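Here is a quick walk through one model, starting with a chain-to-chain contact and moving on to packing inside. Have the viewer open as you read.

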Amino acid sequence: MRLRQGQFSFLPDLTDAQIHDQAQYAIDNGWAVSVEYTDDPHPRNTYWEMWGHPMFDNPDAAAVVFEINECRKEHGGKYIRVIAFDSSAGWESIRMSFIVNRPKDEPGFRVVRQEGEGRIIRYTVESYAVREPEGRRYA
Amino acid sequence: MSDNGTRPPTEVDLAAAYEESGVRDILRELEDTMIGLGPVKQRIRESAALLLVDQARRQMGLATDTPTLHMSFTGNPGTGKTTVALKMASLLHRLGYVRKGHLVTVTRDDLVGQYIGHTAPKTKEILKKAMGGVLFIDEAYYLYRPENERDYGQEAIEILLQVMENNRDDLVVILAGYGDRMDRFFESNPGFRSRIAHHIEFPDYSDDELLRISEGMLADQNYAFDDEARQTMVEYIAARRTQSHFANARSIRNALDRARLRQANRLFSEAAGPVDATALSTIREADIRASRVFRGGLDTDRPVRRDAAE
Amino acid sequence: MLDQVKTVTDAKKRYSAGVMKYAQMGYWEPDYTPKDTDVIALFRITPQDGVDEVEAAAAVAGESSTATWTVVWTDRLTACEKYRAKAYRVDPVPNSPGEFFAYIAYDLDLFEPGSIANLTASIIGNVFGFKPLKALRLEDMRLPTAYVKTFQGPATGIVVERERLNCYGRPLLGATVKPKLGLSARNYGRVVYEALKGGLDFTKDDENINSQPFMHWRDRFLYCMEAVTRASAATGEVKGTYLNITAGTMEEMYARAEFAKSLGSVIVMIDLVIGYTAIQSMAKWARDNDMILHLHRAGHSTYTRQRSHGVSFRVIAKWMRLAGVDHLHAGTVVGKLEGDPATTKGYYDIFREEYNPMALENGIFFDQDWASLNKMMPVASGGIHAGQMHQLLTYLGEDVVLQFGGGTIGHPHGIEAGATANRVALEAMVYARNAGRDIWNEGPDILRDAAETCTPLKQALEIWKDVTFDYTSTDAPDFAPTPEVSF
């Protein structure tokens, strides 16, 4: 299974040079770029762990690639993504999001069905990874 | 996703590259706007030539590595190191060695923290800001304090060295300071010595150069010396040089700031009627002569209020 | 003729029984300066032969506000000068003899707050059948901030929709399940599953899929949500399918909406033909239930397409932003349905901008401030395919749903392959744009390169390489800009 979240998950994994180009696009648009990581890639897991604050004052995307590599040193076995925040009025949210690091094996998700009356089914989607406690996933 | 692979050229036109890159404009600007600094200008011309050739070699596939571009600027205060660093940043940008060409100027306090765990984020924050441009560390030797074993400066030095090595494509570091102290710093920190390819020495300005600098500074603000004042300035420069805390062009700027204060004061006390534009923009002998430099020199480079009232 | 017409100010003459020209009754005021709080409508009028254009404009003002065909004394019981709409400007339409643009201002108190039904009952009510006119078209409206603020606006809006879907920085992808009619619910869900798993964000019911003998609505919802959930687990993405809740009564629509909600759907869909009040009710329900509301503009071409009579789609778009839908179809420029680039840009700006400056070259006649109402997501659907991705991204931008129905389901290697082809083409194009490539000119190369690592895209480019729909549009702007417009 390959996690398809983010802007470029159907393309081959991005190289650091390609990550630089994309992050530079964000910076040149005036967006603050942030690095985040997680070991629970559930589609509704909104809050991945922040690797430092969003970078508000770095004119060159080398700073982003630098932080990604710092993050990889500690969390290389997890998902890492780059996020770009646009603070302009009327948006004030995320403009870009793409994955820059994946675990070697991606076990994916299982669907849990609870069957109710009238053929209604209540669905739960669960990351296989979260069957292990935090810190022991993707070991 | 794939790059537009084009074949390497079989020959290059260096003169055209020189024109197109805009290097010529920067060198001319350096020549036109900065007085003196002959050896510095010569070294920069050489560096530019080297980088242009290196660029051509890389286009032809004859070289692949990014050359080491970190530099040291040594010389006394006020000899133009920061100004030249700005020009160097745009030169490197024009030549494509840094992507943005901005200059980030820092001292020890910007890099080194106050407590455990404070220094690394501080240093990294500065390095990230400087990426794509040039990091100028003034009085770099203060990073190294061998007398204190637990000094956090050592942590900053280690991170700096690492980034100077691993991120050569991303930023250029210029270490600056007094020549003798920089020499001692490099002796104790061979890591820096080996990572710095270009050493540029900034000589003190001659008396004549300082006079021209002073006239240029005044002209920029629409002031001028009269003949007596210019002669007095010549005397001032000769006297000031022998006194403590002499800082080349910076001392001149401070002296002129005080002269303008005295001029304003003089105009008020003398004025008996309307004052014309010439009077408003002329520095006279008295405005300079009143300086304590002529009385044995207790002048500091700080414009002291008491001093202005003399 | 313009200066011959004078409002009759002597009250005795003005209100004596009988018939009087509309222009003389006070519906023509060439010196009137519209107030900031006025609603302004711009009509294209085509008077019958022999009818003066000023009188025609005044008649439109009269018939869309207070007047009737004859003088009534009961006017004098009201502040009738305030309530009369005022035609204040009449311009000949460039290159269209016999047609005129009439600007008419309406006092805000003529309208009930927050009611599209009330607004439209006046502005496009009786007046459209008025005999002295051959044809009448509502081209544009200026809605004052004070009035805009009485509407809810889009239930979710583009920003929150993206946050809810966890999808940023690229157009969304969708497909309408085909064939439109006849699939059983079980087979229908298969199409949904394959398309979503292959890389689409949304699938869509068509406008006339409601609850027919071959597939009742409840079955469709159940099978579709099984497909959506499975696809979500297979990809780790939030997925959705526009469950069409259009029905014969509001009670039935609410029941279907509640059922869609109970199954965990992120989006429901309605058709334009349910009417403005029903749309506003569903928008309120969607806001109350954190549901994205998709509107299919079924039926709009009956009144938007002809240039001389009806209502421009830009006006419908404005009404729908007020009414509160999140998604609305708005043309593709390059696909099989109506829409020239300049006019379509005007629609997209109405959907997505905080403020629309006047832009005659895009058919926008007024400055319009949206007063922080949410933005609507435009949907581009109809005859588009992966090979046009560079054109679509250039024309339509990033905040749009690109719907490839045939371009997904018609893929020679199946629905999942079709979906993947579209998604890879899209991601490669967004990547290239961000990296500074000139996608308009290099688009075909970028797609060819992307196809190197994606066989489904290679097949899609091959099969649809020559498909274009290059017909002259029937609804182009009247004002040609100089020099040529580019965006």
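Predicted model: local features only at pLDDT ≥ 70, side-chain atom pairs only at ≥ 80, totals over all residues.

## Where A meets C

## Where B meets A

Chain A also has a contact with chain B, with 10 residues of chain B against nine residues of chain A. The chain B side here splits into two nonpolar, three polar and five charged residues.

## Chain A by itself

Chain A has two helices and six strands. Read from the N terminus, the order is α-β-β-α-β-β-β-β. The C-alpha trace spans about 55 × 40 × 25 Å along its principal axes.

Of the 139 residues in chain A, 40% are buried. If you take the contacts in chain A with a separation of 6 or more, 54% of them link residues 24 or more positions apart.

## A helix pair in chain C

Over in chain C, have a look at helix H17 (residues 415-434) and helix H18 (residues 439-451): they pack with their axes 10 Å apart, at an angle of about 130 degrees.

Which residues make the contact? From H17(C) come Val424(C), Ala425(C), Ala428(C), Met429(C), Ala432(C) and Arg433(C), and they meet Ile439(C), Gly443(C), Ile446(C), Leu447(C) and Ala450(C) of H18(C). By class that makes nine nonpolar, one polar and one charged.

## The nonpolar cores

The largest nonpolar core runs to 233 residues. Val134(B), Ala57(C), Val60(C), Ala87(C), Ile104(C), Leu293(C) and Ala425(C) have the most contacts inside it. H17(C) turns up again here, giving the most to this core with 12 residues.

Leu293(C) is worth a click. Leaving out residues up to four places away in sequence, Leu293(C) touches Ala155(C), Val268(C), Ile270(C), Met282(C), Ala283(C), Ala286(C), Val325(C) and Asp326(C). There's also a second, separate core of 17 residues, which includes Ala249(B), Ala255(B), Ala259(B) and Ile288(B).

Methods:
Residues numbered from 1 in each chain as written. Chains lettered and ligands numbered in written order. Axes fitted to C-alpha atoms, helices over the stretch in contact; angles between N-to-C directions. Helix = DSSP H or I, 4+ residues; strand = E, 2+ residues; numbered from the N terminus. Contact = placed C-beta atoms within 7 Å. Nonpolar A, V, L, I, M, F, W, Y, C, P; charged D, E, K, R; others polar. Core = buried A, V, L, I, M, F, W, Y, C linked by C-beta atoms within 7 Å. Buried ≥ 20, exposed ≤ 12 C-beta atoms within 10 Å, placed from the backbone.
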